Amino acid sequence: MSGQSSGCGFLMSVVVHGDSVLNEQEKELNQRLRRLYPAVNENETPLPRSWSPKDKFSYIGLSQNNLRVHYKGMTPRHTQAASRVLLLHRYMGIGLSAQGVNMNRLPGWDKHSYGYHGDDGHSFCSSGTGQPYGPTFTTGDVIGCCVNLINNTCFYTKNGHSLGNDLRQQSQYPNLYPTVGLQTPGEVVDANFGQHPFVFDIEDYMREWRTKIQAQIDRFPIGEREGEWQSMIQKMVASYLVHHSYCATAEAFAKSTDQAVHEELASIKNRQKIQKLVLSGRMGEAIETTQQLYPNLLERNPDLLFMLKVRQFIEMVNGTDSEVRCLGGRSPKSQDSYPGSPRPFSSPSHKASSSQPYLPGFDSNCCNGVTSNKSHSSSPHSHKPCPPGSGSTLPASDISLNGSRSQQPISSSDVDMEVDHFTNGVTESSSNGFLNGSSKHATEPDDCDADMEVESAQSKRQLCGGSQAAIERMIHFGRELQSMSEHLRRECGKNSANKKMLKDAFSLLAYSDPWNSPVGYQLDAIQREPVCSTLNSAILETHNLPKQPPLAQAVGQAAQCLAIMARTGSGSCAFASVDDYLH
Amino acid sequence: LTYCLLFEDVSVIIVLMQEVTATSRHYVDRLFDPDPQKVLQGVIDMKNAVIGNNKQKANLIVLGAVPRLLYLLQQSSSSLELRTECSVVLGSLAMGTENNIKSLVDCHIIPALLQGLLCPDLIFIEACLRCLRTVFISPVTPVQLLYTDSTVIPHLMSLLSRSQRTQEYITQIFSHCCKTPEHQTVLFNHGAIQNIAPLLISPSYKVRMQALKCFSVLAYENTQVSMTLVNVLVDGELLSQVFVRMMQRDQPIEMQLTAAKCLTYMCRAGAIRTDDSCVVLKTLPCLVRMCSKEHLLEERVEGAETLAYLMEPDVELQRIASTTDHLVAMLADYFKYPSSVSAITDIKRLDHDLKHAHELRQAAFKLYASLGSNDEDIRKKITETENMMDRIVSGLSESSIKVRLAAVRCLHSLSRSVQQLRTSFHDHAVWKPLMKLLQNAPDEVLVMASSTLCNLLLEFSPSKEPILESGVIELLCSLTQSDSPALRVNGIWALMNMAFQADQKVKGEIVRCLGTEQLFRLLSDPDTNVLMKTLGLLRNLLSTRPHIDQIMSSHGKQIMQAVTLILEAEHSIEVKEQTLCILANIADGNTAKELIMTNDDMLQKIKYYMGHSNVKLQLAATFCISNLIWNEEDGSQERQDKLREMGFVDILHKLTQASDPNLSDRAKTAMQQYLA
């Protein structure tokens, strides 16, 4: 009978006649399996956890959660074998076999079946004649089987001692299942697929192989010619910096490593500007700027435009989009004011968003920084939108806002606070996640206390920042979006991705508290990142630049290769995780 | 013309030599400059000049730089910087050839550097230690120099806390200078264990490694150290667990191997049980792994030797090892160096292989010997390994004494198998090289070889005949005259085996060759084993009636004398039993009987032993009487009468009631002789 599962390497041990307690600790089992099979995706190839009740011969009985096997037959089936059994040894075999192998015979006797037999200690490799392999085994012995998919070897263990590679079984092991065969009446075998620690120190064995594989990676021969490797690495780093528009860093890096940057600085800065707008949720402005700087780009990419607009709608719901943020008395078109006149309120302030719970009555006073919190200065620190990651370089948007800049009473500590505000402001959870690069839903009130920010902001997140006008604007925008979608469908045919995107976005309105709804994840700032990178890639493509930086491509390719290796059963991938090298 | 060329060559060399010495002399001259600043600069320049230049080093030594450097180093008026640079240069000189080291040691560098350790400056101390380390790890340095001044070891212990460098150098010095039980005791008494144990978890790999090596040399065959080690805690963890962690398979091989050695030595010293999981599940598998092909030849040698030592006394470990990772087959690879491939492809590799070939072979023989010392199945498995017997046979006549010794140990271990004696030993005529080995070999080889010979001379061994014909008796008789008790035992033991059920000719040969004088000397041998085997020989000689009568007719007087002496002296029960058995054999002879019957004193002794508290002695004595009164022989009536008169019948009668069934049966049989 064989264990349920797939053919990625496996381990198991068999206690002959053991009386191990079978109180299953599912958790321990799962943890151990994860540790032992780091590269196995159980959705694709589930690991064996017990014997399969289907793949067994009728003389075999199962009990103890399908972990105990016993022989139900009345007489030994193979008389020739039986005489030996009764005299001396238990007649049983453990091993591997492919699915569909005759279940009426001991493992090793048939094609695609391998086994180690207790009566003579021989190894059987798809044949009725065995070869001397190891010692005999009998009642009370713990026998283990380990398949190593790195060097395609298989070895058995007895009572925790490796018996050495079974040379005859040195071959490919595609889709083999652990198998045990018995034919002595009353025989009982208990199996351990990881429910308990293995008697053989398999972890230590894995440690050795992990070290070997990692040494192999570390010592992988790189370019023969001197400096070739280094300059390639430098190019990768430089292109990465340029791609993500870290212009100052890119410039400094290029200078110090003596490289040419393949994109004009102005172009990088433009992209940086747009990325910052997207990442801070100011989609309206981002779209506008893109249209100004890259005319025709969005016209030629209607799907991209649609995606941006949907995101804009979401940001409206969120209350972060400039259009809704400054609503009330003023022109709803924030784009109008940007980048031309440096009106304080139109400046893309996070302060404004942080003090999001506008009371409806404050409509007219749309100046950023206005909050119900008295302690808060109304001075526009707003000019430090400081999207995270911008580092020391000044945000591009600031540059155009000369006027307002002069008003800023910014001290460096102020800047820090700004960032904090941003973090804990509007949609506290989302912004936080954005900053940290992980969706940490920090809703603890302590957090915002520490930031001296309005606590009410946390508890009273309101649709579109709470402004009635903004809500109207949002609904209007939603209708536009709907018609745009219909238009798109007529022009370009059905697009299920677009349809779903729009449906998900609209679903936000179905909940009184969209942030805590099942579709609330969309409001998370981290969702801005894919939009941002898609837009960035589209811009780069128009310049005939790669839409992905080579570094990311290399990392992606490595991860992909590992996944393919795992799928094809190439074992070394288990000890080479890309993450181990990304610190 | 040839002369002329030769002459030219020589002159060129002389010119070159002069140039080299000229520049070297310049360096030495600068050491004598009156300006200390210039001296310092001179030493620094010298340092840069000697790095990696063995010739320069040799030149400077010849030109007498060493005494001057030592003088500067010891002078308290020298600046610390100068003193430090001096020790650095000396350390560099020590890195050269063995001759350099010898010259340095002859200049008394060791006491000077040890003196330097008293200086408070750490940089200077480290430089001195580094140089001392280099000197002490050389095989030409007498390690005793570390122990001549009794204040040195405690001072070194106190320096262990100063820095990672002092830790590394000092532990390295200790591990190289601990060669005898006395050294172990000195280091132990000065707190080596407590001081070094914390270094096992040092952040520096080198320190950890050297500390570990220290423990391996300290624990070797030392019960006191081993017993202390098992109870030591390092950061709350038992030392044995620390060693187990160091054996993890992702650790460097050197560390795994040395940790396994530590645990092996602790186990052999009785501090850890052989069934402890850290031995069975960790140390043993680790050592088996070390024997695998993927490791360096040195590691494989050390792994095999350590494993052989670990399991020597324990059959269970031998059984486990014999099935682990195909060890028995794996060892066969040890005989394949230099491989034919290496000879063709790579001279360097061939050289390397050749250098290690002997070591590999002897290690494999040792391990086979240890594996097969108790279990018959394992012995069978070993002899069935490819060409095994041929390898042993050729190993017995190898030039390397280490290999010969290991091969004969292996043969000895296998010779404990009745089956192998009957089959493979005979098929391969192992007795031939064995006999050759016995002709001219050092004692340790002789002991093993003669012990093996004992087994080959067992009655059922088919090799017995050809060995007899090869004139072995003389050789064995000469062994009985050896100063070594082990050789005497083996010699007489082999003779005893040989005499068992032998024909008259062989027995006569033995007696003639050994000579009665030597025989009786052996009967008073201080070694009980020798005495026992000699009695055994006598007993084997005195079996079957004609043999008994013949030997007793020629040597009866002396034998009776010897028997009397032994029975009267203080001896163990076994000795007395064996002697009474001889007497019983004598009593079985036709004419020999009379030697007892006419010896009233002897009869009294027999009577005494019939009433002894030990059943074995009673049995042997009764046996003797039973032989004397046996009916069907001439003169039995007279003997029966005489013995009745002496009161033996009463004793026999009493013994028929004995609780021991053998004894009462024997007594009843004897009584029946009277009734018939």
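Predicted model: local features only at pLDDT ≥ 70, side-chain atom pairs only at ≥ 80, totals over all residues.
UniProt positions are given here in the numbering of this structure, and such annotations may be inferred rather than shown by experiment. With that caution, the UniProt record, an unreviewed entry, places the feature "domain: CTLH" at residues 267-324 of chain A.

The contact between the two chains draws 17 residues from chain A and 16 residues from chain B. About 1,300 Å² is buried between chain A and chain B, with carbon and sulfur atoms contributing 47% of that area. On the side of chain A, the residues that lose the most area to chain B are A:His161, A:Arg207 and A:Glu208, which together account for 40% of what that side buries.

Three salt bridges are found between chain A and chain B, one of them joining A:Asp201 to B:Lys282, whose closest N and O atoms are 2.5 Å apart. Ten residue pairs are found in polar contact across the interface, counting pairs with both residues at pLDDT 80 or more. Within chain A, β10 (161-165) and α3 (202-218) each supply at least two residues of the side that touches chain B, and the largest share of that side, six residues, comes from α3(A). When the side of chain A that touches chain B is divided by class, five residues are nonpolar, seven are polar and five are charged.

Terms used: Residues numbered from 1 in each chain as written. Chains lettered and ligands numbered in written order. Heavy atoms only, no water. Contact = heavy atoms within 4.5 Å. Buried area = accessible area lost by both parts, 1.4 Å probe. Salt bridge = Lys/Arg side-chain N within 4 Å of Asp/Glu carboxyl O. Polar contact = N/O pair within 3.5 Å; in protein donor to acceptor, adjacent residues only side chain to side chain. Helix = DSSP H or I, 4+ residues; strand = E, 2+ residues; numbered from the N terminus. Nonpolar A, V, L, I, M, F, W, Y, C, P; charged D, E, K, R; others polar.
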